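Please open the model in your viewer and keep the selection panel handy. We will go stop by stop, with something to select at each one.

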Amino acid sequence: MTHRPDRRTVLRRLGQAGLVIGGSGAAAALGLLSPGRWGWHASVKTTPVWTVAADPLRPAAVIARGGRPADLVRAAVERVGGMARFVRPGETVLVKPNMAWDRTPEQGANTNPEVVAEVVRLCREAGAGRIVVAEVPVHDAARTAVRSGIEAAARQAGAEVLIPPRAGFITARLDGSVLDNWEIFAPVFAADRLINVPVVKDHGLSRLTCGLKNLYGFLGGNRGRLHQRIHEAIADLAVAFRPSLTVVDATRVMVRGGPQGGRLDDVVPVGAIAAGTDPVALDAWGATLLGADPRDIGHIVLAQGRGLGTFGAPLEEIHVGS
Amino acid sequence: MRDNRPLRFLGRLLMAAPLVAIMTWLVAGGMSRSFGPVLPPAPPAPSSAPSAVTTLLSGFPRPSGDYPAERLYERVDGAADGLRAAGCRRLLFWTIEDPAAEVELLIFDAEAGAARVLTRDAGPERVSGPGDEASVADQSVYFRRGRLYARIIGDPSAGTDRKRLLQLAERVDRSLRSFDPELPIDKTGGQP
């Protein structure tokens, strides 16, 4: 025989069910049930912190000359503390070259693949658990990765290469004066360390592209929107994304026609690599390679004003061949 | 005794319906929202995507890309503002396999703008060559014909030589004489 609930019980249960349904609806409406609301996947992220503690016994930036690109990278990184200072065993390292252009290495529009490969090798030697070379190219991503020579070199050295659409984008809160919330390439948020590996070259709008501007390569969306206030946007990015280490490729320097370039006549063989933890000093040095005064380059001045580094003092030079 | 099973069933069904609806809503919502990284934004209609753009330049295949002024940055990034300021209203490019080279064609409002950008790119020195004025180097030929400005860059990895690059430039120049820079992107006819 089945028990037949009385009218009071039915009403109470209906009331309870209503509370559950209404409560769930209200919670959903308020976004309390949305993915990431409780931290397991935030839809708007803040940027990671990758910087390492300053070492008063080490120069903040050095220049290496007089050898093969890989030797210059190794010597410069060693002088600023060795890769073990920047990468700990098991960490995920994001290596950010300039790999934005459908250009070959000789054309100097992208970071020299030998430089990228040596950075990857140094990370491996330091015990990195995972090394990811990531970029959001301007030109066709797959073609650019191949033609730049970076994909093959990085893979051979032991890194993964992530370009869209192999990875997606996450909206991040950058809190900048120009950049507020913006779509950022997702691998950025999986990294324990960031090593910025820009190439020095001319830029039609910002005059120089080096380490600070190279961070543009994390941005999705309509980058053209940022061009009206390019220097502020670059400074915003530099505040949001502070690399553990910057390795500047000046083996070949595009002195005209940047950032796209293409003419070999616009590329000068400089044969230098700079490395360090002061992105402002490194960019200022890059500017001098173009014959520019760093004081005339808005984003360098802004970055210094925001406490990201200093320029003015000459950088220590090491000669690998001597 | 009255059989009230249908009534009880109906009552349970009525009570279950909102729960089913809520579960459906939550599951559907969860599936529609990405739990992983947000998918990349839809790429801004790449001009190299299939479209009606085909034989803009007689004797050449469909362009690899075609960018109106407001989307120049997708091709040249930071150089876009400078080009627009000089009156560039459209950029097309072709990736040529034989000889291995890239051809960019920039369309300006007026000759002065095209001439200014040519000088900015290649300096003031001119040589006899294609177009109204030209700058020729071992691996590049830049020339202007009226308000059209062509940049032809040999692929360094393929070793495209100056002679073949000049031949390509002459072909481009001949085609430019019959080129209609006003040809709308979506009304350019069919594949040859």
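The tour begins with chain A as a whole and then moves to a helix and a sheet in chain B.

This is a predicted model, where local features need pLDDT of at least 70, side-chain atom pairs count only at pLDDT 80 or more, and totals for chains, interfaces and linings use all residues. Residues are numbered from 1 along each chain as its sequence is written, while chains are lettered from A and ligands numbered from 1 in the order in which they are written.

**Stop 1: chain A**

Select chain A and show its C-alpha atoms: they fill a box of roughly 100 × 40 × 40 Å along the principal axes. In cartoon view, look for 9 helices and 13 strands; these are DSSP runs numbered from the N terminus, H or I of at least four residues for helices and E of at least two for strands. Of the 322 residues in chain A, 54% are buried, meaning that 20 or more other C-beta atoms, placed from the backbone, lie within 10 Å of the residue's own.

Next, select A:Val119. Which residues does A:Val119 touch, not counting those up to four places away in sequence? They are A:Val73, A:Val95, A:Ile195, A:Val197 and A:Val247, where contact means C-beta atoms, placed from the backbone, within 7 Å.

**Stop 2: helix α4 of chain B**

Select residues 111-122 of chain B, which form helix α4. The end C-alpha atoms of α4(B) are 16 Å apart, in agreement with the 16 Å that its 12 residues should span at 1.5 Å a residue; the expected span is 1.5 Å times one less than the number of residues.

Now colour the buried residues of α4(B): B:Gly113, B:Ala114, B:Val117, B:Leu118, B:Asp121 and B:Ala122. They lie on the same side of α4(B) because they cover an arc of only 140° around the axis, taken from the directions from the helix axis to the C-beta atoms. Step just past α4(B) to find B:Gly123, with a positive phi of about 85°.

**Stop 3: the sheet in chain B**

Show the strands of the open sheet in chain B: 6 of them, antiparallel, in the order β1-β2-β3-β6-β5-β4. Strands pair if DSSP finds at least two bridges between them. At the edges are β1 (65-68) and β4 of chain B, each pairing on one side only.

Zoom in on β3(B) and β6(B), joined by 7 bridges. Select B:Ala101 and you will find B:Gly154 of β6(B) opposite. Finally, bring α4(B) back into view: α4(B) packs on the sheet, touching β2, β3, β4, β5 and β6 of chain B.

Conventions:
Buried ≥ 20, exposed ≤ 12 C-beta atoms within 10 Å, placed from the backbone. Contact = placed C-beta atoms within 7 Å. Axes fitted to C-alpha atoms, helices over the stretch in contact; angles between N-to-C directions.
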